[in-house]
Amino acid sequence: MGQYTQDGEWNFKMFMLSLWKSRRKDKDSPTPVQEEPRQYLEDTLVAESIAAKVDFEKLVRIPVNIDRNEWLATNTISFFEHINLMYGTISEYCTPAGCNSMTGPGGTQYLWFDEKGKKCKCAAPQYVDFVMTFIQKTISEESVFPTKYGNPFPSSFEVLVKKIHRYLFHVLAHIYHAHYKEMVTFGIHGHLNTVFKHFMTMNKEFKLIDEKETDILDSLCRSLEVTEKLADRDQTEDKENIQGATAATAVS
Ligand SMILES: [Zn+2]
């Protein structure tokens, strides 16, 4: 199985290999589960992670001398690729008949808004296709995700990053809600938990997704010990440090 190395990179080759193997071995996998028993919260399954020793809080922080937008861009592209790959492993089980709407835990149903703002209730595979096409198009635009030296990020960059993360969250919510059983059958739920924990720690650090949106997987965040509001914690720490320094000054 692949794993995070010390500098936080995927051992990607091994990871791809394991996914490929797992896709080959079972052609008679069960149909998608759509009822609410939340298998993904079972202790033994929650405990599955391929990166138990990685400090995700440190991993998501901007390295010294790296531009914030560059950091957000790199991570956004990486999450897109990993989540797209995760969905790809179960996509043949996510059919218009089996998943006729884009569902998430707790009765959540996502509706797609097209470019003209028109609401459309579509099947999950179609919704995911809209999401992935939108993200692929957005990250390929030089004017939005600049790759050439000197090309600036647009003022709307962070708004677009937030939109991408919100869509990726919808895909994760659907996988956990409707296809977790297949992930377990393929033995890649540990990878899914790891990607999810990394993704959610990043979201909390940079406040990329509204909490109202992520509430539906709060219990999973707690089980996976995703740290809450890192920025707020930092402020508290800073305050304590200042108070400590003031107290020390007063004593001396
Ligand atoms: Zn589905």
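1. Asn65 is exposed in this predicted model, because the number of other C-beta atoms within 10 Å of its own is 5, and a residue counts as exposed at 12 or fewer. Asn65 sits in the loop that runs between helix H3 (56-60) and helix H4 (68-90). Its phi is near 70°, which is a positive value in a residue other than glycine.

2. Lys207 also has a positive phi, near 50°, and is likewise a residue other than glycine. The loop that holds Lys207 lies between helix H8 (189-206) and helix H9 (211-214). Lys207 counts as partly exposed, because 13 C-beta neighbours are found inside 10 Å.

3. Which residues of H5 are buried? They are Ala124, Pro125, Tyr127, Val128, Val131 and Ile135. These residues cover an arc of only 160° around the axis, and therefore they lie on the same side of H5. The other side of H5 carries exposed residues, namely Thr133, Gln136, Lys137 and Ser140.

4. As for what the buried residues of H5 pack against, the partners are H4, strand S1 (102-104), strand S2 (108-110), strand S3 (112-113) and helix H6 (157-178). Two of these partners, H4 and H6, also meet each other, as the next point sets out.

5. The axes of H4 and H6 come within 10 Å and cross at roughly 25°. Angles under 35 degrees count as roughly parallel, and so H4 and H6 are roughly parallel to each other. The crossing of H4 and H6 is left-handed.

6. On the H4 side, the residues that meet H6 are Asn69, Leu72, Thr76, Phe79, Phe80, Ile83, Met86, Tyr87 and Ile90. On the H6 side, the residues that meet H4 are Phe157, Val161, Ile164, Leu168, Val171, Leu172 and Ile175.

7. For the protein as a whole, there are 11 helices and four strands, and of its 252 residues 30% count as buried. Among the contacts with a separation of 6 or more, 76% are accounted for by residues 24 or more positions apart.

How values were computed:
Residues are numbered from 1 along each chain as its sequence is written. This is a predicted model: local features need pLDDT of at least 70, side-chain atom pairs count only at pLDDT 80 or more; totals for chains, interfaces and linings use all residues. Helices (H or I, at least four residues) and strands (E, at least two) are DSSP runs, numbered from the N terminus. A residue is buried if 20 or more other C-beta atoms lie within 10 Å of its own, exposed if 12 or fewer, and partly exposed in between; C-beta atoms are placed from the backbone. The arc is that of the directions from the helix axis to the C-beta atoms. Two residues are in contact if their C-beta atoms, placed from the backbone, lie within 7 Å. Axes are lines fitted to C-alpha atoms, for helices over the stretch in contact, and angles run from 0 to 180 degrees between N-to-C directions. Angles under 35 degrees count as roughly parallel, over 145 as roughly antiparallel, 65 to 115 as roughly perpendicular and the rest as oblique. A crossing is left-handed if the near helix is turned anticlockwise from the far one by less than a right angle, and right-handed if clockwise.
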